[in-house]
Amino acid sequence: MADKPAKGLADVVAASTALSDIDGGAGRLFYRGYDIHDLSGRISFEECVHLLQRGSLPTRPQLASLMADLAANRDIGPTADGLLPQVVRAGTPMESLRTLVSALSVDDPDAGDSGPAANERKALRLVAQLPVLVARYQAERSGASVPEPDTSLGIAGNFLLQITGRRPGARETEIFDECLVLHADHTMNASTFAARVCAATLSDMHSAITAAIGTLRGPLHGGANEEVMKTLQAIKGGVDEVEPFVRDALGSGRKIMGFGHRVYKTEDPRATHLRRMSEELGELTGNRRPFDLSRRMEQVVLEVKGLYPNVDFFAASVYHQLGIPTDLFTSVFAISRISGWTSHVMEQQLDNRLIRPDSEYIGERDQKWVPIDDR
Ligand code: COA
(Lines give C-alpha, C1' and ligand atoms only; values in the text may rest on other atoms or scores of the structure.)
Protein backbone atom coordinates (compact mmCIF):
# COMPACT_ATOMS: atom_id res chain seq x y z
CA MET A 1 0.00 0.00 0.00
CA ALA A 2 1.34 3.44 -0.95
CA ASP A 3 2.14 6.08 1.68
CA LYS A 4 -0.23 8.97 2.28
CA PRO A 5 0.68 11.48 -0.49
CA ALA A 6 1.65 15.08 0.17
CA LYS A 7 -1.48 16.87 -1.03
CA GLY A 8 -0.67 18.61 -4.31
CA LEU A 9 2.78 16.93 -4.16
CA ALA A 10 3.94 19.80 -1.92
CA ASP A 11 7.68 19.54 -1.17
CA VAL A 12 8.03 16.44 -3.36
CA VAL A 13 11.16 16.61 -5.53
CA ALA A 14 9.88 15.45 -8.91
CA ALA A 15 12.91 16.00 -11.15
CA SER A 16 16.54 17.06 -11.23
CA THR A 17 17.18 20.21 -13.21
CA ALA A 18 20.09 22.52 -13.98
CA LEU A 19 17.74 25.18 -15.38
CA SER A 20 16.37 27.09 -12.41
CA ASP A 21 16.39 27.02 -8.64
CA ILE A 22 14.30 28.70 -5.95
CA ASP A 23 15.13 29.47 -2.35
CA GLY A 24 11.59 29.93 -1.09
CA GLY A 25 12.58 31.04 2.40
CA ALA A 26 14.93 33.75 1.20
CA GLY A 27 12.80 34.70 -1.83
CA ARG A 28 15.50 34.06 -4.39
CA LEU A 29 15.35 32.69 -7.93
CA PHE A 30 18.25 31.59 -10.10
CA TYR A 31 18.45 30.72 -13.82
CA ARG A 32 21.39 28.35 -14.35
CA GLY A 33 23.05 29.75 -11.23
CA TYR A 34 22.49 33.45 -12.04
CA ASP A 35 20.44 35.41 -9.51
CA ILE A 36 17.31 36.84 -11.17
CA HIS A 37 18.13 40.20 -9.53
CA ASP A 38 21.36 40.26 -11.56
CA LEU A 39 19.68 39.26 -14.81
CA SER A 40 16.50 41.35 -14.62
CA GLY A 41 16.86 44.53 -16.70
CA ARG A 42 20.36 43.51 -17.80
CA ILE A 43 19.79 40.73 -20.32
CA SER A 44 17.35 40.60 -23.20
CA PHE A 45 14.78 37.83 -23.52
CA GLU A 46 16.82 36.43 -26.41
CA GLU A 47 19.89 36.18 -24.15
CA CYS A 48 17.70 34.42 -21.61
CA VAL A 49 16.54 31.95 -24.27
CA HIS A 50 20.18 31.21 -25.07
CA LEU A 51 20.96 30.76 -21.39
CA LEU A 52 18.10 28.32 -20.85
CA GLN A 53 18.04 26.40 -24.13
CA ARG A 54 21.79 26.37 -24.89
CA GLY A 55 23.25 26.47 -21.38
CA SER A 56 25.18 29.77 -21.31
CA LEU A 57 24.78 33.52 -21.67
CA PRO A 58 25.62 34.23 -25.32
CA THR A 59 28.58 36.07 -26.72
CA ARG A 60 27.69 38.86 -29.19
CA PRO A 61 28.15 36.59 -32.25
CA GLN A 62 26.09 33.83 -30.60
CA LEU A 63 23.32 36.32 -29.83
CA ALA A 64 23.36 37.68 -33.38
CA SER A 65 23.09 34.16 -34.75
CA LEU A 66 20.23 33.27 -32.37
CA MET A 67 18.35 36.44 -33.30
CA ALA A 68 18.79 35.68 -37.01
CA ASP A 69 17.45 32.16 -36.41
CA LEU A 70 14.47 33.52 -34.51
CA ALA A 71 13.68 36.02 -37.28
CA ALA A 72 13.91 33.24 -39.88
CA ASN A 73 11.57 30.91 -37.98
CA ARG A 74 8.49 33.04 -37.36
CA ASP A 75 6.41 31.40 -40.08
CA ILE A 76 3.56 29.40 -38.54
CA GLY A 77 3.02 27.15 -41.58
CA PRO A 78 -0.12 26.48 -43.64
CA THR A 79 -1.95 24.24 -41.14
CA ALA A 80 -1.99 26.71 -38.23
CA ASP A 81 -2.55 29.54 -40.70
CA GLY A 82 -5.60 27.81 -42.18
CA LEU A 83 -7.05 26.91 -38.78
CA LEU A 84 -6.60 30.36 -37.30
CA PRO A 85 -9.84 32.10 -38.41
CA GLN A 86 -11.99 29.17 -37.28
CA VAL A 87 -10.21 28.76 -33.96
CA VAL A 88 -10.31 32.48 -33.21
CA ARG A 89 -14.07 32.63 -33.87
CA ALA A 90 -14.75 29.76 -31.50
CA GLY A 91 -12.10 29.93 -28.80
CA THR A 92 -10.66 32.07 -26.04
CA PRO A 93 -7.03 33.15 -26.50
CA MET A 94 -5.61 30.29 -24.46
CA GLU A 95 -7.84 27.68 -26.12
CA SER A 96 -6.68 29.02 -29.47
CA LEU A 97 -3.03 29.06 -28.47
CA ARG A 98 -3.26 25.46 -27.24
CA THR A 99 -4.90 24.31 -30.48
CA LEU A 100 -2.62 26.30 -32.77
CA VAL A 101 0.59 25.15 -31.06
CA SER A 102 -0.59 21.60 -31.54
CA ALA A 103 -1.19 22.40 -35.23
CA LEU A 104 2.33 23.82 -35.62
CA SER A 105 3.75 20.32 -35.31
CA VAL A 106 2.15 19.25 -38.60
CA ASP A 107 4.32 21.58 -40.69
CA ASP A 108 7.40 21.55 -38.49
CA PRO A 109 10.44 20.72 -40.66
CA ASP A 110 11.66 18.40 -37.90
CA ALA A 111 8.33 16.61 -37.37
CA GLY A 112 8.94 12.99 -36.47
CA ASP A 113 12.47 13.63 -35.18
CA SER A 114 12.91 14.02 -31.41
CA GLY A 115 16.69 13.77 -31.40
CA PRO A 116 18.67 16.43 -29.51
CA ALA A 117 19.52 18.52 -32.60
CA ALA A 118 15.94 18.46 -33.91
CA ASN A 119 14.61 19.26 -30.43
CA GLU A 120 16.92 22.26 -30.21
CA ARG A 121 15.64 23.56 -33.56
CA LYS A 122 12.00 22.97 -32.56
CA ALA A 123 12.58 24.71 -29.24
CA LEU A 124 13.89 27.84 -30.93
CA ARG A 125 11.17 27.76 -33.59
CA LEU A 126 8.48 27.66 -30.90
CA VAL A 127 10.00 30.71 -29.18
CA ALA A 128 9.78 32.53 -32.53
CA GLN A 129 6.27 31.31 -33.43
CA LEU A 130 4.33 31.77 -30.18
CA PRO A 131 4.32 35.59 -30.22
CA VAL A 132 3.19 35.45 -33.86
CA LEU A 133 0.28 33.17 -32.96
CA VAL A 134 -0.87 35.56 -30.23
CA ALA A 135 -0.50 38.61 -32.51
CA ARG A 136 -2.37 36.81 -35.31
CA TYR A 137 -5.15 35.91 -32.85
CA GLN A 138 -5.53 39.54 -31.85
CA ALA A 139 -5.48 40.77 -35.47
CA GLU A 140 -7.97 38.15 -36.62
CA ARG A 141 -10.55 38.97 -33.98
CA SER A 142 -10.20 42.72 -34.35
CA GLY A 143 -10.17 42.68 -38.16
CA ALA A 144 -6.75 44.36 -38.27
CA SER A 145 -3.69 43.24 -40.17
CA VAL A 146 -0.50 42.28 -38.33
CA PRO A 147 2.27 44.83 -38.95
CA GLU A 148 5.40 43.36 -40.56
CA PRO A 149 8.05 42.62 -37.90
CA ASP A 150 10.64 45.37 -37.52
CA THR A 151 14.13 43.92 -37.94
CA SER A 152 15.57 46.45 -35.51
CA LEU A 153 13.33 45.09 -32.72
CA GLY A 154 13.60 41.80 -30.83
CA ILE A 155 10.75 39.58 -29.64
CA ALA A 156 9.51 42.06 -27.01
CA GLY A 157 9.38 45.10 -29.31
CA ASN A 158 7.90 43.20 -32.22
CA PHE A 159 5.21 41.67 -30.03
CA LEU A 160 4.13 45.08 -28.70
CA LEU A 161 4.22 46.46 -32.27
CA GLN A 162 2.08 43.63 -33.60
CA ILE A 163 -0.42 43.66 -30.72
CA THR A 164 -0.99 47.40 -30.44
CA GLY A 165 -0.34 48.33 -34.09
CA ARG A 166 2.07 51.08 -33.10
CA ARG A 167 5.82 51.14 -32.64
CA PRO A 168 6.46 50.91 -28.88
CA GLY A 169 8.63 53.46 -27.08
CA ALA A 170 12.15 52.37 -26.17
CA ARG A 171 11.38 52.20 -22.46
CA GLU A 172 8.13 50.27 -23.02
CA THR A 173 10.10 47.73 -25.04
CA GLU A 174 12.76 47.41 -22.33
CA ILE A 175 10.10 46.93 -19.67
CA PHE A 176 8.29 44.25 -21.64
CA ASP A 177 11.59 42.54 -22.43
CA GLU A 178 12.31 42.46 -18.69
CA CYS A 179 8.86 40.93 -18.06
CA LEU A 180 9.65 38.15 -20.54
CA VAL A 181 12.94 37.44 -18.75
CA LEU A 182 11.19 37.32 -15.36
CA HIS A 183 8.60 34.77 -16.55
CA ALA A 184 11.00 32.48 -18.45
CA ASP A 185 11.45 29.59 -16.03
CA HIS A 186 10.43 28.61 -12.53
CA THR A 187 11.46 25.10 -11.47
CA MET A 188 8.72 22.49 -11.17
CA ASN A 189 5.65 24.69 -11.58
CA ALA A 190 2.50 22.90 -12.76
CA SER A 191 2.86 23.57 -16.51
CA THR A 192 6.54 22.64 -16.57
CA PHE A 193 5.76 19.46 -14.68
CA ALA A 194 3.03 18.65 -17.23
CA ALA A 195 5.53 19.21 -20.06
CA ARG A 196 8.10 16.95 -18.42
CA VAL A 197 5.57 14.17 -17.74
CA CYS A 198 4.60 14.23 -21.40
CA ALA A 199 8.22 14.41 -22.61
CA ALA A 200 9.18 11.50 -20.34
CA THR A 201 6.92 9.15 -22.32
CA LEU A 202 9.21 10.04 -25.28
CA SER A 203 6.34 11.90 -26.87
CA ASP A 204 7.26 14.90 -29.04
CA MET A 205 8.09 18.53 -28.19
CA HIS A 206 4.78 19.93 -29.51
CA SER A 207 2.71 17.47 -27.48
CA ALA A 208 4.61 18.44 -24.31
CA ILE A 209 4.13 22.15 -25.01
CA THR A 210 0.43 21.66 -25.75
CA ALA A 211 0.07 19.95 -22.34
CA ALA A 212 1.95 22.82 -20.71
CA ILE A 213 -0.26 25.48 -22.29
CA GLY A 214 -3.41 23.69 -21.17
CA THR A 215 -1.97 23.58 -17.66
CA LEU A 216 -0.84 27.20 -17.59
CA ARG A 217 -4.35 28.33 -18.45
CA GLY A 218 -5.88 27.62 -15.03
CA PRO A 219 -6.47 30.54 -12.65
CA LEU A 220 -4.34 28.93 -9.94
CA HIS A 221 -1.38 29.13 -12.34
CA GLY A 222 -0.83 31.49 -15.30
CA GLY A 223 -4.51 32.39 -15.58
CA ALA A 224 -4.15 34.40 -12.36
CA ASN A 225 -2.77 37.48 -14.15
CA GLU A 226 -6.04 37.98 -16.03
CA GLU A 227 -8.02 37.54 -12.81
CA VAL A 228 -5.84 40.18 -11.09
CA MET A 229 -6.76 42.73 -13.74
CA LYS A 230 -10.46 41.89 -13.43
CA THR A 231 -10.17 42.36 -9.65
CA LEU A 232 -8.51 45.77 -10.07
CA GLN A 233 -11.21 46.77 -12.56
CA ALA A 234 -13.96 45.67 -10.16
CA ILE A 235 -12.87 48.43 -7.78
CA LYS A 236 -14.75 51.44 -9.09
CA GLY A 237 -13.70 54.06 -6.54
CA GLY A 238 -10.33 55.20 -5.21
CA VAL A 239 -7.67 53.47 -3.12
CA ASP A 240 -9.90 53.83 -0.03
CA GLU A 241 -12.16 51.16 -1.48
CA VAL A 242 -9.39 48.59 -1.64
CA GLU A 243 -9.41 47.66 2.05
CA PRO A 244 -13.18 46.97 2.35
CA PHE A 245 -13.06 45.13 -0.98
CA VAL A 246 -10.24 42.85 0.17
CA ARG A 247 -11.72 42.29 3.63
CA ASP A 248 -15.06 41.38 2.10
CA ALA A 249 -13.47 38.94 -0.37
CA LEU A 250 -11.30 37.25 2.24
CA GLY A 251 -14.12 37.29 4.81
CA SER A 252 -16.36 35.39 2.43
CA GLY A 253 -13.63 32.82 1.77
CA ARG A 254 -12.62 34.01 -1.70
CA LYS A 255 -9.00 34.00 -2.82
CA ILE A 256 -7.38 37.18 -4.05
CA MET A 257 -5.63 36.22 -7.25
CA GLY A 258 -1.96 37.15 -7.59
CA PHE A 259 -1.17 36.37 -3.94
CA GLY A 260 0.36 33.37 -2.24
CA HIS A 261 2.81 30.83 -3.53
CA ARG A 262 3.55 27.17 -2.96
CA VAL A 263 7.30 27.75 -2.64
CA TYR A 264 7.94 31.40 -1.68
CA LYS A 265 7.33 32.16 1.96
CA THR A 266 8.39 35.76 1.51
CA GLU A 267 8.33 38.20 -1.40
CA ASP A 268 8.55 36.60 -4.83
CA PRO A 269 11.71 38.20 -6.28
CA ARG A 270 9.97 38.66 -9.63
CA ALA A 271 7.29 40.78 -7.94
CA THR A 272 10.00 43.17 -6.70
CA HIS A 273 10.88 44.07 -10.31
CA LEU A 274 7.31 44.03 -11.60
CA ARG A 275 6.22 46.41 -8.83
CA ARG A 276 8.93 48.87 -9.86
CA MET A 277 7.92 48.60 -13.52
CA SER A 278 4.24 49.05 -12.69
CA GLU A 279 5.02 52.27 -10.85
CA GLU A 280 7.29 53.51 -13.62
CA LEU A 281 4.64 52.88 -16.26
CA GLY A 282 2.13 54.74 -14.08
CA GLU A 283 4.44 57.77 -14.24
CA LEU A 284 5.20 57.28 -17.93
CA THR A 285 1.56 57.04 -18.99
CA GLY A 286 0.27 59.62 -16.50
CA ASN A 287 -2.15 57.00 -15.15
CA ARG A 288 -1.03 55.85 -11.70
CA ARG A 289 -4.37 54.29 -10.80
CA PRO A 290 -3.56 50.62 -11.64
CA PHE A 291 -0.33 50.86 -9.63
CA ASP A 292 -1.87 52.75 -6.71
CA LEU A 293 -4.73 50.25 -6.40
CA SER A 294 -2.26 47.35 -6.65
CA ARG A 295 0.06 48.85 -4.06
CA ARG A 296 -2.78 49.35 -1.60
CA MET A 297 -4.07 45.84 -2.26
CA GLU A 298 -0.71 44.27 -1.52
CA GLN A 299 -0.52 46.21 1.77
CA VAL A 300 -3.99 45.09 2.86
CA VAL A 301 -3.56 41.43 1.82
CA LEU A 302 -0.25 41.25 3.70
CA GLU A 303 -1.81 42.85 6.79
CA VAL A 304 -5.00 40.76 6.79
CA LYS A 305 -3.77 37.41 5.45
CA GLY A 306 0.03 37.55 5.63
CA LEU A 307 0.33 36.76 1.91
CA TYR A 308 2.81 38.32 -0.53
CA PRO A 309 2.17 39.11 -4.19
CA ASN A 310 3.41 36.56 -6.70
CA VAL A 311 4.61 37.10 -10.28
CA ASP A 312 1.08 37.54 -11.62
CA PHE A 313 0.06 40.43 -9.38
CA PHE A 314 2.08 43.38 -10.68
CA ALA A 315 2.39 41.77 -14.14
CA ALA A 316 -1.31 42.58 -14.60
CA SER A 317 -0.95 46.36 -14.20
CA VAL A 318 2.28 46.33 -16.24
CA TYR A 319 0.67 44.52 -19.21
CA HIS A 320 -2.41 46.74 -18.96
CA GLN A 321 -0.28 49.89 -19.10
CA LEU A 322 1.57 48.47 -22.11
CA GLY A 323 -1.74 48.29 -23.98
CA ILE A 324 -2.11 44.50 -23.94
CA PRO A 325 -5.76 43.33 -23.75
CA THR A 326 -6.56 41.60 -20.45
CA ASP A 327 -7.60 38.30 -22.01
CA LEU A 328 -4.16 37.98 -23.66
CA PHE A 329 -2.21 38.21 -20.38
CA THR A 330 -1.90 34.44 -19.92
CA SER A 331 -0.86 34.03 -23.55
CA VAL A 332 1.86 36.61 -22.87
CA PHE A 333 3.03 34.46 -19.96
CA ALA A 334 3.24 31.56 -22.43
CA ILE A 335 5.37 33.46 -24.97
CA SER A 336 7.98 33.82 -22.24
CA ARG A 337 7.61 30.45 -20.48
CA ILE A 338 7.99 28.64 -23.81
CA SER A 339 11.73 29.18 -23.29
CA GLY A 340 11.64 27.29 -20.00
CA TRP A 341 9.20 24.58 -21.11
CA THR A 342 11.22 23.70 -24.21
CA SER A 343 14.44 23.62 -22.16
CA HIS A 344 12.84 21.27 -19.64
CA VAL A 345 11.62 18.97 -22.42
CA MET A 346 15.16 18.76 -23.83
CA GLU A 347 16.66 18.24 -20.37
CA GLN A 348 14.14 15.49 -19.59
CA GLN A 349 14.78 13.62 -22.80
CA LEU A 350 18.57 13.83 -22.47
CA ASP A 351 18.43 11.74 -19.28
CA ASN A 352 15.01 10.18 -19.38
CA ARG A 353 13.02 7.89 -17.18
CA LEU A 354 9.24 7.56 -17.41
CA ILE A 355 7.54 9.76 -14.78
CA ARG A 356 4.99 7.46 -13.24
CA PRO A 357 4.24 8.09 -9.57
CA ASP A 358 2.06 5.92 -7.40
CA SER A 359 -1.34 6.80 -5.91
CA GLU A 360 -3.06 6.18 -2.61
CA TYR A 361 -6.24 4.13 -3.20
CA ILE A 362 -9.18 5.58 -1.22
CA GLY A 363 -12.12 3.83 -2.92
CA GLU A 364 -14.29 0.87 -2.02
CA ARG A 365 -12.79 -2.61 -1.81
CA ASP A 366 -14.18 -6.14 -2.22
CA GLN A 367 -17.09 -5.04 -4.40
CA LYS A 368 -19.13 -7.89 -5.94
CA TRP A 369 -20.12 -7.68 -9.58
CA VAL A 370 -23.85 -8.16 -10.35
CA PRO A 371 -25.38 -8.47 -13.84
CA ILE A 372 -26.65 -5.17 -15.28
CA ASP A 373 -30.35 -6.18 -15.08
CA ASP A 374 -30.05 -6.98 -11.36
CA ARG A 375 -28.55 -3.62 -10.23
N1 COA B 1 -6.02 34.57 -1.36
C2 COA B 1 -6.53 34.20 -0.17
N3 COA B 1 -6.12 33.16 0.54
C4 COA B 1 -5.12 32.45 0.02
C5 COA B 1 -4.53 32.75 -1.20
C6 COA B 1 -5.00 33.88 -1.88
N7 COA B 1 -4.47 34.22 -3.05
N8 COA B 1 -3.54 31.88 -1.45
C9 COA B 1 -3.53 31.02 -0.43
N10 COA B 1 -4.48 31.37 0.47
C11 COA B 1 -4.79 30.68 1.71
C12 COA B 1 -5.67 29.47 1.43
O13 COA B 1 -7.04 29.81 1.44
C14 COA B 1 -5.27 28.57 2.55
O15 COA B 1 -5.86 29.05 3.73
P16 COA B 1 -6.41 28.02 4.83
O17 COA B 1 -5.18 27.27 5.29
O18 COA B 1 -7.00 28.91 5.84
O19 COA B 1 -7.37 27.13 4.11
C20 COA B 1 -3.78 28.82 2.70
O21 COA B 1 -3.59 30.17 2.24
C22 COA B 1 -2.92 27.90 1.86
O23 COA B 1 -3.36 27.98 0.50
P24 COA B 1 -3.31 26.83 -0.54
O25 COA B 1 -4.19 27.19 -1.70
O26 COA B 1 -3.53 25.51 0.11
O27 COA B 1 -1.77 26.93 -0.94
P28 COA B 1 -1.10 26.20 -2.15
O29 COA B 1 0.33 26.14 -1.85
O30 COA B 1 -1.80 24.95 -2.47
O31 COA B 1 -1.43 27.20 -3.35
C32 COA B 1 -1.46 28.98 -4.80
C33 COA B 1 -0.58 28.12 -3.89
C34 COA B 1 -0.56 29.87 -5.63
C35 COA B 1 -2.27 28.07 -5.75
C36 COA B 1 -2.42 29.81 -3.92
O37 COA B 1 -1.67 30.70 -3.14
C38 COA B 1 -3.43 30.55 -4.77
O39 COA B 1 -4.47 29.99 -5.12
N40 COA B 1 -3.16 31.84 -5.14
C41 COA B 1 -4.03 32.57 -5.99
C42 COA B 1 -3.81 32.17 -7.44
C43 COA B 1 -2.52 32.71 -7.98
O44 COA B 1 -2.17 33.86 -7.80
N45 COA B 1 -1.81 31.84 -8.72
C46 COA B 1 -0.56 32.21 -9.35
C47 COA B 1 0.57 31.51 -8.67
S48 COA B 1 2.13 32.10 -9.29
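This is a predicted model: local features need pLDDT of at least 70, side-chain atom pairs count only at pLDDT 80 or more; totals for chains, interfaces and linings use all residues.
**Figure 1. Overall view of the protein, with 16 helices and three strands.** The C-alpha atoms fill a box of roughly 70 × 55 × 45 Å along the principal axes. A compact globule of 375 residues would have a radius of gyration near 21 Å, and the 22 Å of the protein agrees with this. Of the 375 residues, 49% count as buried. Among contacts between residues at least 6 apart in sequence, 74% join residues at least 24 apart. The accessible surface comes to about 17,400 Å², and carbon and sulfur atoms account for 51% of that area. There are 41 positive and 50 negative side chains, and the centres of the two sets lie 2 Å apart.

**Figure 2. Helix α8, residues 170-182.** The helix has 13 residues and reaches 19 Å from its first C-alpha to its last. This is close to the 18 Å expected at 1.5 Å a residue. Because 10 of the 13 residues are buried, α8 is largely enclosed by the rest of the structure.

**Figure 3. Thr326 in the loop between α15 and α16.** Helix α15 covers residues 311-321, and α16 covers residues 329-350. The relative accessibility of Thr326 is 17%, so this residue counts as buried, the cut-off being under 20%. Leaving aside residues up to four places away in sequence, Thr326 touches Glu226, Met229 and Gln233.

**Figure 4. Leu202 in the loop between α9 and α10.** The loop joins α9 (190-199) to α10 (205-216). Most residues other than glycine have a negative phi. Leu202 is not a glycine, yet its phi is positive, at about 65 degrees. With a relative accessible area of 57%, Leu202 is exposed.

**Figure 5. Asp366 in the segment after α16.** Asp366 also has a positive phi, here of about 55 degrees, although this residue is not a glycine. The relative accessible area of Asp366 is 70%, so the residue is exposed, the cut-off for this class being over 50%.

How values were computed:
Residues are numbered from 1 along each chain as its sequence is written. Side-chain values use heavy atoms; hydrogens and water are left out. Helices (H or I, at least four residues) and strands (E, at least two) are DSSP runs, numbered from the N terminus. The expected span of a helix is 1.5 Å times one less than its number of residues. Buried means under 20% relative accessible area, exposed over 50%, partly exposed in between (1.4 Å probe, protein chains only). The radius of gyration is taken over C-alpha atoms; the globule rule is 2.2 Å times the number of residues to the power 0.38. Contact means heavy atoms within 4.5 Å. Accessible areas come from the Shrake-Rupley method with a 1.4 Å probe; for residues, only the protein chains shown count as cover. Lys and Arg count as positive and Asp and Glu as negative; His and the chain ends are not counted. The place of a charge is taken as NZ of Lys, CZ of Arg, CG of Asp or CD of Glu.
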